[in-house]
Structure formats: structure tokens, C-alpha cells
Amino acid sequence: MPHLEQTVKSTPIYDGKIIRVRTDDVQLENGNAAKREVISHPGGVCVVAVNSRDEVLLVRQFRYPFGKELIEIPAGKLEYGEDPSACGRRELEEETGYTAGTYRYLGPMYPTPAYDEEVIHLYYAAQLQPTRQKLDEDEFLDVLQMPFQQAVQMVLDQQIADGKTQLALLKADALRRAGKL
């Protein structure tokens with residue numbers, strides 16, 4: 001039997017540049033009432049980009065909520081209604097200065113489904129061609145290139161903590177091992 005909660009009332013709390021927050025009154029499947037706090041976010045993309053030397057492109061950038069630099073795969077925020085594939089291609093070039101000849105969808109990820117509507121779309125890119133990095137004026141990062149298996153090992157050794165990067169690298173590794181990438 002599928003489980004479901006019915007929204008009875010929705011109240012906006014905050015409307016910011018990146019997120020919106022609301023509280024919802026819901027009716028549970030047993031008839032009881034409950035409150036839900038929900039963050040709305042337009043979603044994002046991330047790209048496992050691998051060059052001809054089997055090196056993955058990573059970025060190192062400061063992440064304010066954690067007060068430190070993190071190592072991640074190239075990623076970016078979607079605009080509401082934007083095509084995820086186009087966003088991923090744009091972000092790859094903007095952040096790393098590379099475009100990809102092949103680009104494959106690896107699926108969606110729900111980073112925090114208990115209270116956030118965000119969906120991150122995972123991609124794998126290969127046949128990389130250098131172009132020009134096009135960082136936003138408020139974006140500061142370093143591009144790293146390392147052997148793909150070294151990046152996977154960094155995930156396993158807890159040296160890469162970013163969730164989307166962990167999932168995308170491990171999923172790409174599993175698909176490569178199965179001969180599907």
C-alpha cells in the first residue's frame with residue numbers, strides 16, 4: 001500500500017535568492033495532522049568529467065557553511081525550468097574550461113528528501129576539449145585533475161566529503177566496472 005500525506009495548508013516563510021521556505025499543514029494516512037517544514041530549491045547538476053588520460057576534473061573551493069575548502073566535481077544550480085543537461089554542460093565549461101564530446105545522464109539524487117525539494121542531476125562526461133574557464137565574478141576555485149581511481153579512493157578514505165561528489169564518483173566507478181560507461 002502506498003503511503004501518502006495530503007497538504008491541507010501551505011504558508012510561505014521566506015523567499016530568498018536561492019531558497020524558499022514554507023510550512024505545510026498535512027493530514028497523515030491515519031487521519032492525524034502534522035506540520036512539515038519544506039525548503040524549495042531549483043535543483044542542480046554535477047558532472048564527473050574524465051579526460052583521455054583517465055583523470056577526473058575536480059574543483060576545490062571554499063564552502064561558507066563549513067568554513068573550509070571542499071573538493072567536489074564541477075556542479076551548479078539550475079534556474080527554475082532550466083534543462084539540467086544544458087546547465088551541466090554550461091557549468092562544466094564555466095568552472096573547468098572544458099567541454100565534453102560525450103555526455104551521459106547518470107540519474108537524479110535527492111540530497112535531503114525529509115525537508116528539501118532539491119534534485120541534483122548526475123552526469124558523466126568524456127572526450128573533453130579545452131576551451132576557456134568562465135567563472136562568475138563571485139566564484140573562486142582551483143581545478144584539479146587526478147586519476148579517476150585516486151578520486152574514488154579519496155571518497156573511500158573520507159577525503160572527499162561532498163555528498164553529490166561521493167555518489168557520482170562511486171556510481172560512475174560501478175558503471176565503468178560493469179562495462180556500462
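Trainee: Which residue lies over the face of F148?
Mentor: Keep in mind that this is a predicted model, where local features need pLDDT of at least 70, side-chain atom pairs count only at pLDDT 80 or more, and totals for chains, interfaces and linings use all residues. Residues are numbered from 1 along each chain as its sequence is written, and side-chain values use heavy atoms, with hydrogens and water left out. A charge sits over a ring if NZ of Lys or CZ of Arg is within 6 Å of the ring centre and within 35 degrees of the ring normal. Over F148, at 3.8 Å from the ring centre, that residue is R176.

Trainee: How many aromatic pairs turn up in the whole structure?
Mentor: Rings of Phe, Tyr and Trp (its six-membered ring) pair if their centres lie within 6.5 Å; planes under 30 degrees apart are stacked, over 60 edge-to-face, and the rest tilted. Searching the whole structure gives 2.

Trainee: Why is the pair of Y103 and Y123 stacked?
Mentor: The ring centres of Y103 and Y123 are 4.8 Å apart. The pair counts as stacked because the planes are at 15°.

Trainee: What is the angle between the planes of Y105 and Y123?
Mentor: Here the centres are 5.1 Å apart and the pair is tilted. Y105 and Y123 have 55° between their planes.

Trainee: Is Y123 buried or exposed?
Mentor: Buried means under 20% relative accessible area, exposed over 50%, and partly exposed in between (1.4 Å probe, protein chains only). Y105, at 40%, is partly exposed. With a relative accessible area of 5%, Y123 is buried.
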